[in-house]
Amino acid sequence: MSTPSPHGRSRIAALAVALAAASALTLTACDDDSGGSSTPSATPTAPDTASFSGNAASALASAEASVRAEASKRAASASAAASSFEASVSAEVERANKAARTELARVDGAGNAMSDVTMTGKPRSETGGLLAVVVTITNKTGKTASYAVQVDFLDSSGKAVETRYVGAEDLEPGQKAQPVAVSRKPTEPVLTPKLAKAQRY
């Protein structure tokens, strides 16, 4: 095999340089449609997948599951608070409430003690979301007396959809009692409490 002359080696080297330059020009430049000058185009780089974890669908599902779990936790907490509040009220006045219901079953009309009773709404933040009213009973007579009170919870049409009974026993003259009437109906639709009956006995 013959070795190329120095002149031949120079021609081969020149040809290689020309081909390399042409290839580089083709890859880094192009003419635009309007015949303008060539502009270099950026070479895209592959994304770094080393930091990827999972995929978008699984991440979205995880976020949704987290939101649902939090909502369920809050609902359970609110339900527990409501049950706790109602239990504390029932423990205090259950016997008086039963006596009130029995007494009012014998009363015709609104009763003889409507002027001795007022009602005030209790904030839902203190009742676990339940609708509750504080029934203030004041013995305005000159002797010891017991009281029976009926509270109706009305819907938007004015119909009583729930009735609760509260009472106070053996109040001294001028003494007050403040039992709480609690609705067990759902928070929606909103109900309106109404003093239906009040009897002193």
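Visitor: Which residues line the largest cavity, and what makes them lining residues?

Guide: Arg124, Gly129, Leu131, Ser183, Lys185, Pro186, Thr187, Pro189, Val190 and Leu191 line the largest cavity. A lining residue has an atom within 4 Å of a cavity point, on a 1 Å grid over the protein atoms alone. Mind that this is a predicted model, in which local features need pLDDT of at least 70, side-chain atom pairs count only at 80 or more, and totals for chains, interfaces and linings use all residues. Numbering starts from 1 along each chain as its sequence is written, and side-chain values use heavy atoms, leaving out hydrogens and water.

Visitor: Why is this space called a cavity?

Guide: A 1.4 Å probe fits at its points but cannot get out, so the term applies. The largest cavity holds about 40 Å³, taken as the space filled by probe spheres set on the points, which are joined across faces, edges and corners. The search of the whole structure finds one cavity of 30 Å³ or more.

Visitor: What makes β6 and β9 edge strands?

Guide: Three strands form an open antiparallel sheet in the order β6-β5-β9. β6 (160-171) and β9 (192-200) each have a single partner, so one side of each lacks a neighbour in the sheet. Strands are DSSP runs of E, at least two residues, numbered from the N terminus.

Visitor: How do you know that β5 and β9 pair?

Guide: Pairing needs at least two DSSP bridges, and eight join β5 (residues 145-154) to β9. The two strands therefore count as paired. Val149 stands opposite Ala198 in β9.

How values were computed
On a 1 Å grid over the protein atoms alone, a cavity is a set of points where a 1.4 Å probe fits but cannot get out, and a pocket is an open set with protein on both sides within 12 Å along at least five of seven lines; lining residues have an atom within 4 Å of a point. Helices (H or I, at least four residues) and strands (E, at least two) are DSSP runs, numbered from the N terminus.
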